[in-house]
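The following exercises concern one protein chain. Please work through each task before reading its solution.

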Amino acid sequence: RKAIAKNEQAHIYLPADNKMKVDPTLTLTYFNIAGVAEPIRLAAAIGKVPYVHKTVEFKDWAEVKKSTPLGVLPLLEIEPADGTAGA
């Protein structure tokens, strides 16, 4: 996998009980603003779905854009629990 940016920030959000389940790994990539990714974050919080949030700085967007499948954010990547690639 390619790195998001040199100064990439990643945060792991867990359900309130802090128990991980054997579920797919979800990675949400977006800017550090609410924007159009906020409904995804809220749905994950309400559903207590753990996910990794990768933050992209606006100054890095031009470079990061080249590595996204459609050249847009938010990007939600899904990696199955068995480790196979998915998106």
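Nonpolar patches join Val, Leu, Ile, Met, Phe, Trp and Tyr side chains within 5 Å, each residue having over 30% relative accessible area and no salt bridge (a side-chain nitrogen of Lys or Arg within 4 Å of a carboxyl oxygen of Asp or Glu). Accessible areas follow the Shrake-Rupley method with a 1.4 Å probe, only the protein chains shown counting as cover for residues.

The model is predicted: local features need pLDDT of at least 70, side-chain atom pairs count only at pLDDT 80 or more, and totals for chains, interfaces and linings use all residues. Residues are numbered from 1 along each chain as its sequence is written, and side-chain values use heavy atoms, leaving out hydrogens and water.

**Exercise 1.** Determine which residues make the nonpolar surface patch of about 200 Å².

*Solution.* The patch is made by Ile40, Leu76 and Ile78. Ile40 lies in helix H1, residues 38–46. Ile40 counts as partly exposed because its relative accessibility is 32%, between the limits for buried (under 20%) and exposed (over 50%).

**Exercise 2.** State the order of the elements from the N terminus.

*Solution.* Helices (H or I, at least four residues) and strands (E, at least two) are DSSP runs. The chain has two helices and four strands, in the order β-β-α-β-α-β.

**Exercise 3.** Identify which residues Leu73 touches beyond four places in sequence.

*Solution.* Contact requires heavy atoms within 4.5 Å. Leu73 touches Thr29, Tyr30, Phe31, Val36, Val56, Trp61 and Thr68.

Note on methods
Patches are made of residues with over 30% relative accessible area and no salt bridge: like charges are joined within 9 Å, nonpolar side chains (Val, Leu, Ile, Met, Phe, Trp, Tyr) within 5 Å. Buried means under 20% relative accessible area, exposed over 50%, partly exposed in between (1.4 Å probe, protein chains only).
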